[in-house]
Amino acid sequence: MSDHLRVDPILCDAHGHCAELFPELVSLDEWGYPIIDDGPIPPGLAKEARRAISMCPRLALMIEQRSR
Amino acid sequence: MTALAAASLESPPTRGLRRLLPSGDASWAQHLERHGPLPQFAGRRASLIAEVERSGLAGRGGAGFPTAVKLQAVAAGRAPIVVANGTEGEPASAKDRILMTHNPHLVLDGALVALTAVGGDEAVLAVSRRARPAHAALTRALAERRADARRIRLVAVPDRFVAGEETALVSWLNGGEAKPTFTPPRPFERGVGGRPTLVQNVETLANLGLIARYGAGWFRETGTEAEPGTVLVTVRGGVRRPGVIEVELGTPLRQVVDRCGGLAAPVRALLVGGYFGTWIDAAGNLDLPLADAALRPHRAALGARTLVVLPHGVCGVAETARVARYLAGESAGQCGPCVFGLPAVAQALESIAAGAPDAAPLAGASATAERADRRPRCLPPSRRRAALRRQRDPRVRGRDRAPPRRPLPCRPRRAAPAHESRELGLEVRR
Ligand SMILES: Cc1cc2nc3c(=O)[nH]c(=O)nc-3n(C[C@H](O)[C@H](O)[C@H](O)COP(=O)(O)O)c2cc1C
Ligand code: SF4
């Protein structure tokens, strides 16, 4: 099992806080929507991930657990 | 001989290429004469699912997911429901409505077999509003078998590209908009009415109706080891007789074209898989078998099971631009990358097709597609990206693809845009 950051693209409104708070895994496209690194969240960055999630005004970010 | 084959009442009448589109009319009497009634599986759900697993049947709606795995997952839930997906939102495709129009009883059989397999008692047959002959044929077929009709409901679905995506379909059937929803939950977990929902393409179901009668061994007699059975393919563009044909999986592209009367003009490229598809250079590739395993190295897949033949002199970029523009118009408008990305890609392709003097728009479109592609819910620009990649390949670009010195619009000569050619009278070839 590994944790991955995921965005609900239907909820997302391109506020961009996630990229500001968590640049390690999140960048923005030319329209301000997040491009999220699909890999597992590095253990040392779990706190940053949780912070980005709690700061998203649309509550569009989440952690998804994947097997394998 | 497998358990189910032993239980079948009739010997398989439809070997080879006439499994799904046999000759004869669409009546119940004809269907009974052809296949006899469906065998009963009371108390044998597990062996039915095992037989489907042995058959190697995979979904015919685009993704090619093993059907037995889905049956198993939905069967594990309480009060499951079956949705027969006959929406066929893909504009280049006609195979589902041809199947429903010409062989409605086999589709109904498949829905009933699926109900038995998952332990449900209600099936919904979702068919696009525009497919009037299919509605008529299914309505008639249901009237011919009253007892079964109590368990099967026919529903009209909006004629939109994304309406056939399974979460969009579930949303529509739940009284919402025909737009994709975020997952999880997936329909098999929580779908129509909150119940575990099996969404299965109508062609997949038709195959289920045959496997239930004749068994896995029979099913595997055609096709390849990894991809058994036949497929319905919609063939359009530069062939003499465009239409829907049934072929064995693994049939070389050349034979598929020949079955459609042969090439109408020298061929340059083939769009495999519909609007999500990939251009394949015709030179040296006409012997490619029509099967996912053989298409994969070309970054192509059967997808929506359509084949568009692009003759020499017709511009692949212009055609791709048209597809991108169409998809941009079909966005459900829910996700930013799709709302902004698809028009941007379409715009770039259009300017290239109109003769943009340098490669900047192509690089731009490619990069945009690449980025947008990593996020979308349902209309991945990736396939456009694959198309772009091909166009960058000098072998595909060819002479009339090189950026013209003067802005000389490179227009398709005649070929109607694929999404308009849905109105072309398509014939079924058996
Ligand atoms: C944008 C989009 C459109 C789709 N349209 C259809 C469709 O028109 N018909 C269909 O059977 N499946 C369609 N699908 C696939 C369905 O989501 C689903 O996978 C399929 O109906 C499952 O059936 P199968 O396993 O028998 O193929 C579409 C998927 C996407 C992403
Ligand atoms: S990718 Fe596009 S069509 Fe799909 S859900 Fe997002 S906005 Fe809608």
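**Chains A and B together**

Analyst: Chain A and chain B bury about 1400 Å² between them, 65% of it on carbon and sulfur atoms. Buried area is the accessible area (1.4 Å probe) that two parts lose on being put together, summed over both.

User: Which residues of chain A lose the most area to chain B?

Analyst: They are P9(A), I10(A) and W31(A), which together make up 43% of what the chain A side buries.

User: And how many residues are in contact?

Analyst: In chain A, 15 residues are in contact with 17 residues of chain B; contact means heavy atoms within 4.5 Å.

User: Where do these values come from?

Analyst: This is a predicted model, where local features need pLDDT of at least 70 and side-chain atom pairs count only at pLDDT 80 or more, while totals for chains, interfaces and linings use all residues. Residues are numbered from 1 along each chain as its sequence is written, chains are lettered from A and ligands numbered from 1 in the order in which they are written, and side-chain values use heavy atoms, without hydrogens and water.

User: Now the fold: what is the order of elements in chain A?

Analyst: From the N terminus on, the order is β-α-β-β-α-β, with 2 helices and 4 strands. Helices (H or I, at least four residues) and strands (E, at least two) are DSSP runs, numbered from the N terminus.

User: How much of chain A is buried?

Analyst: Of its 68 residues, 41% count as buried, meaning under 20% relative accessible area (1.4 Å probe, protein chains only).

User: What does the C-alpha trace span?

Analyst: Along its principal axes, the C-alpha trace of chain A spans about 30 × 20 × 20 Å.

Note on methods
Buried means under 20% relative accessible area, exposed over 50%, partly exposed in between (1.4 Å probe, protein chains only).
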